Amino acid sequence: MASEGEESQQPQLILADKLFLLKQSDVQDIDKVRFREDVFNFVKEHDMVKLYETLVADSVLDVDQSLLDSMRAKIDDELKKLDEKIADAEENLGESEVREAHLAKSLFFIRIGDKKALEHLKVTETKTVAVGQKMDLVFYTLQLGFFDMDFDLISKSIDKAKSLFEEGGDWERKNRLKVYEGLYCMSTRNFEKAAELFLDSISTFTTYELFPYDTFIFYTVLTSIITLDRVSLKQKVVDAPEILTVIGKIPHLSEFLNSLYDCQYKSFFSAFAGLTEQIKLDRYLHSHFRYYMREIRTVIYSQFLESYKSVTIEAMAKAFGVSVDFIDVELSRFIAAGKLHCKIDKVAGVLETNRPDAKNALYQATIKQGDFLLNRIQKLSRVIDL
């Protein structure tokens, strides 16, 4: 695990990304050969017996019995030393040394990818008094959760961290937790909450153990685009200095954001196409790829139609740089799903918007609530009369 303040991604999470890419059909075979070699070298270096056995069973790696025997022998030897240190600390040293000895054993299990790490982190917690140190143990648990994409473990750990902060805790750790929670929200398709947490963390980001700052900005922009209104997007994302300094380093992202905000629809579709592979091959976004693609198209089509009472399908197709047939099929699908408030006049080749009137909607809601209140009063009056 990356130590506090170390500006590098946690190695096991890099490994998890490579394991994910090995399973993707969109990844080229030549890249898979490199990833497979990287995975093998990492597993060998860190004596990750259980993961090695799983990868052999899944035909990702070839079995090497002598390597397995060697790794098991090294693990047994190291565990013996760690247990001796724990026994010595408990017998001859103070409470902090006992805690450090137990933590060392927990970190060893994390290093070799053994699920016993969770059990030993709990043991270490019983030896821990300071809230900050307890919080660090939760971060280790969260990293294990993200390695396995164990959302139940992640959710419980986030709740535990929040309850710990009620006892105290420093702002640096609180800000780090926001990024962990944001990643959890994004991974479970709560993009609105994820964007809120990421935007809150832009100027205080120190969570390099999860991902580099560039990746953090990538996630922040993607989640913000489909959840913020234009005014908020301009203020919090388009003009944000922290984003401006980094966004140019991420292929297609600057064009993606700015073409959407500036209504340059042809450029948007071009950048959009360039970003699809990055989203599809991201471990946290992969399962939401189709959903995200639909949502971003809903945003851009709604923005275009917002300016018109009616517009020809041909004009819209020209604005987006696509065929009339493509726009026709796309809009039909989105209208049927209730995502766009318009209708297509096939004969005239025209789109007519029928956006709900905000004042009218409020009036109807007030009438409905008034009727409900009157019904309740009438029922109550009958009870009182009895």
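## How H11 meets H14

H11 and H14 cross with a left-handed sense. Keep in mind that this is a predicted model. The axes of H11 and helix H14 (residues 253-261) sit 11 Å apart, at an angle of about 25°. Angles under 35 degrees count as roughly parallel, so that's the label for H11 and H14.

On the H11 side, the contact uses Ile217, Phe218, Val221, Leu222 and Ile225. Facing them from H14 are Leu253, Phe256, Leu257 and Leu260. The tally for this contact is nine nonpolar residues, with no polar and no charged ones.

## The nonpolar cores

The largest nonpolar core has 79 residues, and the members touching the most others are Ile225, Phe256, Tyr292 and Tyr301.

What does Ile225 touch once neighbours within four places in sequence are left aside? Its contacts are Leu233, Phe256, Leu257, Leu260, Tyr292, Ile296 and Val299.

Thr220 is part of helix H11 (residues 213-225). Is Thr220 buried or exposed? Its relative accessible area is 0%, so Thr220 is buried. Skipping neighbours within four places in sequence, Thr220 contacts Phe198, Leu199, Ile202 and Ile243.

Over in helix H5 (residues 95-111) you'll find Lys105. Lys105 counts as buried because its relative accessible area is 10%, and the cut-off is under 20%. Not counting residues up to four places away in sequence, Lys105 touches Leu79, Leu82, Asp83, Ile86 and His120.

Key. Residues are numbered from 1 along each chain as its sequence is written. This is a predicted model: local features need pLDDT of at least 70, side-chain atom pairs count only at pLDDT 80 or more; totals for chains, interfaces and linings use all residues. Side-chain values use heavy atoms; hydrogens and water are left out. A nonpolar core is a set of buried Ala, Val, Leu, Ile, Met, Phe, Trp, Tyr and Cys residues joined through side-chain atoms within 4.5 Å. Buried means under 20% relative accessible area, exposed over 50%, partly exposed in between (1.4 Å probe, protein chains only). Contact means heavy atoms within 4.5 Å. Helices (H or I, at least four residues) and strands (E, at least two) are DSSP runs, numbered from the N terminus. Axes are lines fitted to C-alpha atoms, for helices over the stretch in contact, and angles run from 0 to 180 degrees between N-to-C directions. Angles under 35 degrees count as roughly parallel, over 145 as roughly antiparallel, 65 to 115 as roughly perpendicular and the rest as oblique. A crossing is left-handed if the near helix is turned anticlockwise from the far one by less than a right angle, and right-handed if clockwise. Ala, Val, Leu, Ile, Met, Phe, Trp, Tyr, Cys and Pro count as nonpolar, Asp, Glu, Lys and Arg as charged, and the others, Gly among them, as polar.
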